[in-house]
Amino acid sequence: MAYEAVLFDLDGVLVDSLGVIERILRDWAVAHGVDGDRAVALSYGRRDIDLIRILTPHLDAEAETAEIVAREERETTGLRALPGADVLLASLHPEAWAVVTSGTRAVATARLAAVSLPTPKVLVAAEDVPAGKPDPAGYLRAARLLGRSPARCLVVEDAIAGAEAARAAGMDCLGIGPAFGDRPDLVVAQVPSLAQVRAITTAEGISVITHRGAGRTGA
């Protein structure tokens, strides 16, 4: 099949923000007596508010999230575009891709701007959905806003929770990075980065091709 749209996760797929995220989360964890390693491990693919509800259900999740988000908006030092992100996005029509992130809209746009990647016409952020990944709401909303059938959308994710969200939305998922070693069933292919991915658009749709022995998605 050929896809109608490609839906990208942000952190770990388009933008290398791991260092910034870990630094902020560990500082927050220390301040509240939470194990920093556990906080980081549980953060992948999750909204800040959902993470806080898991780790510290006794705290005001909205107030704690606001504190973390305010710092995430300010801190952009150390961010970089991940290999291949700029080339792949430039090869796609603006109406054929979106970003679906567990972060807030303000954080997402700040990070994209900091690494000189374009802000998509459709960006679904934490505040746009009632539940974060692995709930499919974000990916389903992006497909709807693009006017595309969920079954004809390809999700690009680096986290298990995001791939589970894609599956729940009825979408194929391309895995980026090592997270899917124990869950190959969640992805149609897996590559180290977007540098191993290219997209070709024809009248039939978007073919997304991977290399380095990772297989091939699309048509």
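In helix 1, Arg 23, Ile 24, Asp 27 and Trp 28 meet Glu 64, Ile 68, Arg 71 and Glu 72 of helix 4, contact being taken as heavy atoms within 4.5 Å. By class, this contact comprises three nonpolar, no polar and five charged residues, where Asp, Glu, Lys and Arg count as charged, Ala, Val, Leu, Ile, Met, Phe, Trp, Tyr, Cys and Pro as nonpolar, and the others, Gly among them, as polar. The model is a predicted one, in which local features need pLDDT of at least 70 and side-chain atom pairs count only at pLDDT 80 or more, whereas totals for chains, interfaces and linings use all residues. Residues are numbered from 1 along each chain as its sequence is written, and side-chain values use heavy atoms, with hydrogens and water left out.

The axes of helix 1 (residues 18-31) and helix 4 (residues 61-74) come within 10 Å and cross at roughly 145° (lines fitted to C-alpha atoms over the stretch in contact, with angles from 0 to 180 degrees between N-to-C directions). Helices (H or I, at least four residues) and strands (E, at least two) are DSSP runs, numbered from the N terminus.

Strand 9 (residues 197-202) and strand 10 (residues 205-210) run antiparallel and are joined by six bridges, pairing being assigned if DSSP finds at least two bridges between two strands. A hairpin of two residues links strand 9 to strand 10, and Val 197 stands opposite Thr 210 in strand 10.
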